[in-house]
Amino acid sequence: MTESIGMMEGAFFVSRTEILSWVNTLLKLDLTKIEQTCTGAVACQIMDVISPGCIAMKKVNWEANKEYEYIANYKLLQQAFLKLGLKKEIEVEKLIKGKYQDNLEFMQWLKRYYDIRSNGTASYNPVTRRKSSAAPVQRRPKTVAKSAKENKAVLKTGGEKESAKKEASREEELGRQVEVLSASNKTLQKERDFYFSKLRDLEILMHFYEKEKIPLVENIEKILYATEDDKVVIDDRGELTIVEDKC
């Protein structure tokens, strides 16, 4: 499965140079460092290339330069993963720190996922898609020279102080949301692994009684091997029937 792409598949042997070349060619960008992908914007658009429409591109912030802005981008990415049924854990807390190794490994995973899932990008225009995002790529704010007195006056304005408070509050709130999402994701993974191991133990146990043709064992095996299209029906007498669910 794509979410379990591992070291032995060669995904994590792709070099930094190859990753940067791939990203720049695919998205028509000019990145020079892997660390520049830590904002989450690049990952969002790569997923948009693979599955057009899975990301709300108009909400992607390409000018993000603070951690809480990175987190907002990664929330969009997590929503896309959920929509596509991807169980890959996004280690947001590590990625937003901008560390080379963490971001390299995530980009390597994304490239491998792209290689497996992409059906070609001939009709995809990355520049046009970015025009609908929250901010254009690499837009530089205009700077106006000010005197020391003017700068001090600006810093003292109530509006700027209020804006700083709101920004700090928003950053704190998004940080809490990431913590909740991460904790919830880890809990779900543990529960999934726990119940899967129980089912696997039952399956192994049932194999020891296959030759004895015990009705109870046969019914348990029917339940274990029922697909998502099968509906298990147990009547008042305990009789089990597997029927195709046409709903």
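**Notes on salt bridges and a hairpin**

1. Arg129 counts as partly exposed at 29% relative accessibility (buried is under 20% relative accessible area, exposed over 50%, partly exposed in between, with a 1.4 Å probe and protein chains only). Arg129 forms a salt bridge with Asp48, with 2.8 Å between the closest N and O atoms. Arg129 lies in helix H6 (residues 126-130) and Asp48 in helix H2 (residues 41-50), so the pair ties together parts 81 residues apart in sequence. Asp48 is buried, at a relative accessible area of 0%.

2. A word on the basis: this is a predicted model, where local features need pLDDT of at least 70, side-chain atom pairs count only at pLDDT 80 or more, and totals for chains, interfaces and linings use all residues. Residues are numbered from 1 along each chain as its sequence is written, and side-chain values use heavy atoms, leaving out hydrogens and water.

3. The count comes to six salt bridges (a side-chain nitrogen of Lys or Arg within 4 Å of a carboxyl oxygen of Asp or Glu). Among them is Lys97 with Glu67, the closest N and O atoms being 3.3 Å apart. Glu67 is partly exposed, with a relative accessible area of 28%.

4. Strands S1 (residues 230-234) and S2 (residues 240-244) pair in the antiparallel sense over five bridges (pairing needs at least two DSSP bridges; helices are DSSP runs of H or I with at least four residues, strands of E with at least two, numbered from the N terminus). Thr241 in S2 is the bridge partner of Val233. Five residues separate S1 and S2 in this hairpin, and Gly238 in the turn has a positive phi of about 85 degrees.
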